[in-house]
Amino acid sequence: MSIIFGLVGRNGQPVAGEELGGMQKSYTHIPADGSFLWREGEVGLGVIQRYDTPESTCEVFPQHSRCGRHTFVSHARLDNREELLRRLEIPPDRAS
């Protein structure tokens with residue numbers, strides 16, 4: 001199981017590396033097998049990796065879609081999807 005964290009700037013300003021680094025440091029009490037930070041414009045993401053399956057030791061993140069518009073930091077299952085969509089204010093026609 002890994003920890004995913006991130007920031008989205010709502011004022012058009014790029015996410016500062018110090019902010020993500022501070023978030024990453026707040027998890028130093030949790031054992032980790034690896035970690036990374038990724039920033040682009042007003043979005044910043046980080047992952048604290050824990051290798052809990054043999055397959056996870058080969059995972060390399062972030063990954064980018066072929067079109068270059070999407071960045072992935074995890075292969076994951078979302079629980080409480082409806083609640084997440086509602087809190088992120090994603091309209092039903094954009095939910096897929």
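Predicted model: local features only at pLDDT ≥ 70, side-chain atom pairs only at ≥ 80, totals over all residues.

Trainee: What volume does the largest pocket have?
Mentor: About 1,700 Å³. Of its 40 lining residues, Ile-4, Leu-45, Val-73, Ser-74 and Leu-78 are the closest to the centre.

Trainee: Which element gives the largest share of that lining?
Mentor: E3, with five residues. Strand E1 (3-8), E2, E3, strand E5 (71-72) and H2 each supply at least two.

Trainee: And how do the lining residues divide by type?
Mentor: 19 nonpolar, 12 polar and nine charged.

Trainee: Switching to the core. Which residues make up the largest nonpolar one?
Mentor: Six of them: Phe-36, Trp-38, Leu-45, Val-47, Phe-61 and Val-73. Strands E2 (34-40) and E3 (43-49) are the elements that give two or more residues to this core.

Trainee: What is Val-73 in contact with, leaving aside neighbours within four places in sequence?
Mentor: Ile-4, Phe-36, Leu-45, Val-47, Phe-61 and Pro-62.

Trainee: Now the charges. How many salt bridges does a search of the whole structure find?
Mentor: One. The side chains of Glu-83 and Arg-87 form it, at 3.1 Å, N to O.

Trainee: Where do Glu-83 and Arg-87 lie?
Mentor: Both are in helix H2 (residues 81-87). They sit four residues apart, about one turn of the helix.

Trainee: Is Arg-87 buried or exposed?
Mentor: Exposed, because its relative accessible area is 65%, and the cut-off is over 50%. Glu-83 is partly exposed, at 30%.

Technical notes
Residues numbered from 1 in each chain as written. Heavy atoms only, no water. Salt bridge = Lys/Arg side-chain N within 4 Å of Asp/Glu carboxyl O. Buried < 20%, exposed > 50% of the residue type's maximum accessible area, 1.4 Å probe, protein only. Core = buried A, V, L, I, M, F, W, Y, C linked by side-chain atoms within 4.5 Å. Contact = heavy atoms within 4.5 Å. 1 Å grid on protein atoms, 1.4 Å probe; cavity = no way out; pocket = protein on both sides within 12 Å on 5 of 7 lines; lining within 4 Å. Points joined across faces, edges and corners; volume = space filled by probe spheres on them. Nonpolar A, V, L, I, M, F, W, Y, C, P; charged D, E, K, R; others polar.
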